[in-house]
Amino acid sequence: MMKTNLKDITGYILAGGKSSRMGTDKGLLLFEGKPMIQYVIEQMQPIFSKVVIVSNNPEYEKFGFEVIPDLIKDSGPAGGIYTALNHSDTKLNFMVSCDMPFVTAAAIEFVIKNSEESQIVLLENKARIEPLFGIYAKDCEPIWLELMEQKVIKLQEMVLRFQLKTIPVENNEIFATSFFKNINTKEDLNNALNRI
Ligand SMILES: Nc1nc2c(ncn2[C@@H]2O[C@H](COP(=O)(O)OP(=O)(O)OP(=O)(O)O)[C@@H](O)[C@H]2O)c(=O)[nH]1
């Protein structure tokens, strides 16, 4: 098996959501004094030679990375992933949601190390596939678009239409209990702050 070259993977951070539950743009929201997206950026930056933020909000340009607007708007993260796939000029792409402040570089490297020649590589946590942290091959793009045109935009359904590899993470210490915690509401934010 060929070793995956990190140079051949682009990192994409999805930050184009409505944040309706939070009421304010989640990625920019301060968490322990730092914008939530900054935690994700800091873990991705040392790994990937290129990191791109997918968002319609130009305020994200202040982080110093390319910001690209959604090509398909108002379709949730599916539109963000499509935009990333369309933009990418690498075979593989690592997608991360901007509202996962507990992601680590070790976790990203674990997924890459355990990836094989699949179109999508994701983690499976307690029988739930986590679609917003993992690898998507550029060649998913045409079928991804077709699915969206058919109004299939639920990530959990979409990923099953591809060659998907899932990696179970139970009992893996890289994925501490809060790893998959994403921060959707003010209550999530308070709970996460109290746990630190
Ligand atoms: N680029 C892009 N990213 C999105 C879009 N919708 C959601 N995301 C991102 O996908 C991740 C998960 O989003 P959700 O929490 O499900 O949705 P949200 O719109 O951010 O928040 P809610 O309105 O509270 O559901 C977050 O990182 C969002 O920024 C979208 O339309 N475009």
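User: Which backbone atom lies 3.4 Å from a nitrogen atom of the ligand?

Analyst: A polar contact is a pair of N or O atoms within 3.5 Å. Here a backbone N or O atom of Pro77 lies 3.4 Å from a ligand nitrogen. Side chains take part too: an N or O atom of Ser20 is 2.5 Å from a ligand oxygen, and one of Ser97 is 2.9 Å from a ligand oxygen. This is a predicted model, where local features need pLDDT of at least 70, side-chain atom pairs count only at pLDDT 80 or more, and totals for chains, interfaces and linings use all residues. Residues are numbered from 1 along each chain as its sequence is written, and side-chain values use heavy atoms, without hydrogens or water.

User: Where does the ligand sit?

Analyst: Rolling a probe the size of a water molecule over the atoms shows where empty space is left. A pocket is an open set of points on a 1 Å grid over the protein atoms alone, where a 1.4 Å probe fits, with protein on both sides within 12 Å along at least five of seven lines; lining residues have an atom within 4 Å of a point. The ligand sits in the largest pocket (more than half of its atoms lie within 2 Å of the grid points). That pocket holds about 860 Å³ of space (the volume filled by probe spheres set on the points). Its lining has 36 residues, with Gly17, Arg21, Lys26, Pro77 and Leu132 closest to the centre.

How values were computed. Polar contact = N/O pair within 3.5 Å; in protein donor to acceptor, adjacent residues only side chain to side chain.
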